[in-house]
Amino acid sequence: MRKNVFILEVGKCQKKKGNKRKVSNMENKKEKLPSTRIQWYPGHMAKTKRQIIEDLKLIDVVIELLDSRIPISSRNPDIKKIVANKKKIIVLNKSDLSDETINQKWVKELSKEAPTILADSNSGKGIDKVSKEIDKLMEEEVKRQAQRGRINKTIRVMILGIPNVGKSSFINRISKKTTMKVGNKPGVTQTKQWIRIGKNQELLDTPGVLWPKFESPVIGLHLALTGAVKDDVYDRRDALILLLQELQEKYPQELAMFYNITLDPNDTAETLMEKIGTARSCVKAGGVIDLSKVEQLVLYEFKTAKMGRFTLDEP
């Protein structure tokens with residue numbers, strides 16, 4: 001059995017040949033980036049990818065679930081390739097946590113590739129649109145099947161996404177929380193679990209899967225900031241440094257107002273940590289700022305959207 005693979009590279013970011021996904025303006029400011037490169041690819045994810053490729057033979061429509069705060073960083077490039085020939089819907093989940101204005105820009109951008117829907121699985125917003133879009137995509141195929149005598153064709157759907165993108169909540173919403181098991185189907189092994197999500201729609205869930213090598217430190221840290229990788233495989237201080245850099249660049253007013261601090265153009269992430277620590281009384285004995293508490297506080301308040309709705313990846 002293959003062991004979990006944990007890779008931590010320190011040093012300069014290596015250039016990769018071919019097209020590089022644009023993630024953030026921070027990519028162009030490498031002198032400011034933390035030098036730690038995160039990688040988390042447990043052995044079971046390689047097995048999951050092989051199983052997905054096999055199961056796709058049974059699938060009519062793929063739902064690609066992305067985190068609306070990081071639509072690029074949360075997009076598995078391997079999955080994008082293997083579903084290239086399938087009908088697809090892109091769902092930007094957790095849209096209640098991301099910037100409303102940039103949400104619309106992402107919908108416009110991703111809709112060039114496939115129908116794109118904003119969703120909030122916690123409240124259920126946007127979920128009904130997904131089922132309707134599935135029927136719309138399959139309308140012509142269902143008509144052809146009916147002409148051949150196959151009435152009420154069952155549409156088989158697969159949902160794909162990285163860990164912690166909200167798949168379980170999404171499935172509970174789209175299935176009306178019944179999580180009804182459809183049972184064994186011809187050509188489907190007994191271990192596969194199909195869930196009825198509509199009158200003629202069945203969903204096959206898949207485990208969250210990452211890819212073997214992230215293109216840049218920014219992608220890895222974005223995944224860390226949103227909880228897609230385990231806390232013990234990355235440096236939380238590096239994640240905080242990147243987050244403060246990006247918030248200072250993209251959302252300076254929101255950052256200053258939330259923590260009741262004054263920003264200066266020359267502020268570094270470290271000076272911001274000091275200011276936040278002072279404002280929030282994260283102080284050790286002797287008046288020294290407790291940076292560990294600042295780190296814990298800011299990361300928590302970002303992940304839970306207490307400080308506001310932010311999007312880190314730009315269209």
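# Questions on a predicted model

User: Which residues is Ser95 in contact with, leaving aside its neighbours within four places in sequence?

Analyst: In this predicted model, Ser95 is in contact with Ser68, Asn103, Leu118, Ala119, Asp120 and Arg309, with neighbours within four places in sequence set aside. Ser95 itself sits in the loop between strand E4 (87-93) and helix H3 (100-110).

User: Why is Ser95 called buried?

Analyst: The relative accessible area of Ser95 is 7%. Buried means under 20%, so Ser95 counts as buried.

User: What makes the pair of Ser95 and Ala119 a polar contact?

Analyst: A polar atom of the Ser95 side chain lies 3.0 Å from the backbone oxygen of Ala119. The cut-off for a pair of N or O atoms is 3.5 Å, and 3.0 Å is within that cut-off.

User: How do you know that the buried residues of H3 are on the same side?

Analyst: The buried residues in H3 are Ile102, Asn103, Trp106, Val107 and Leu110. They cover an arc of only 150 degrees around the axis, and therefore they lie on the same side of H3. In general, an α-helix has 3.6 residues a turn, so residues three or four places apart point the same way.

User: What do the buried residues of H3 pack against, and which exposed residues does the opposite face carry?

Analyst: The buried residues of H3 pack against strand E3 (61-67), E4 and strand E5 (116-118). On the face turned away from the buried side are the exposed residues Thr101 and Lys108. At the start of H3, the backbone nitrogen of Thr101 has a side-chain oxygen of Asp99 within 2.9 Å.

User: Why are helices H4 and H5 called roughly perpendicular?

Analyst: The axes of H4 (residues 127-147) and H5 (residues 167-174) cross at roughly 75 degrees and come within 9 Å. Angles of 65 to 115 degrees count as roughly perpendicular, so H4 and H5 get that name. The contact involves Ile127, Val130 and Ser131 of H4, together with Phe170, Arg173 and Ile174 of H5. By class, these are four nonpolar, one polar and one charged residues.

User: What makes H9 and H10 roughly perpendicular?

Analyst: Helix H9 (residues 269-279) and helix H10 (residues 291-303) pack at about 90 degrees, with axes 9 Å apart. That angle falls in the range of 65 to 115 degrees, and H9 and H10 are therefore roughly perpendicular to each other. On the H9 side the contact is made by Met273, Glu274, Ile276 and Gly277, and on the H10 side by Leu291, Val294 and Val298. The classes are five nonpolar, one polar and one charged residues.

User: Why is Asn152 called exposed, but Asn164 partly exposed?

Analyst: Asn152 has a relative accessibility of 63%. Exposed means over 50%, so Asn152 counts as exposed. For Asn164 the value is 44%. This lies between the 20% and 50% limits, so Asn164 counts as partly exposed.

User: Where are Asn152 and Asn164 found, and what is phi in each?

Analyst: Asn152 is in the loop between H4 and strand E6 (155-160), and its phi is near 55 degrees, a positive value in a residue other than glycine. Asn164 is in the loop between E6 and H5, with phi near 65 degrees, again positive in a residue other than glycine.

User: How many helices and strands does the protein have, and what share of its residues count as buried?

Analyst: The protein has ten helices and eight strands. Of its 315 residues, 50% count as buried.

Terms used:
Residues numbered from 1 in each chain as written. Predicted model: local features only at pLDDT ≥ 70, side-chain atom pairs only at ≥ 80, totals over all residues. Heavy atoms only, no water. Helix = DSSP H or I, 4+ residues; strand = E, 2+ residues; numbered from the N terminus. Buried < 20%, exposed > 50% of the residue type's maximum accessible area, 1.4 Å probe, protein only. Polar contact = N/O pair within 3.5 Å; in protein donor to acceptor, adjacent residues only side chain to side chain. Contact = heavy atoms within 4.5 Å. Arc of directions from axis to C-beta. Axes fitted to C-alpha atoms, helices over the stretch in contact; angles between N-to-C directions. Parallel < 35°, antiparallel > 145°, perpendicular 65-115°, else oblique. Nonpolar A, V, L, I, M, F, W, Y, C, P; charged D, E, K, R; others polar.
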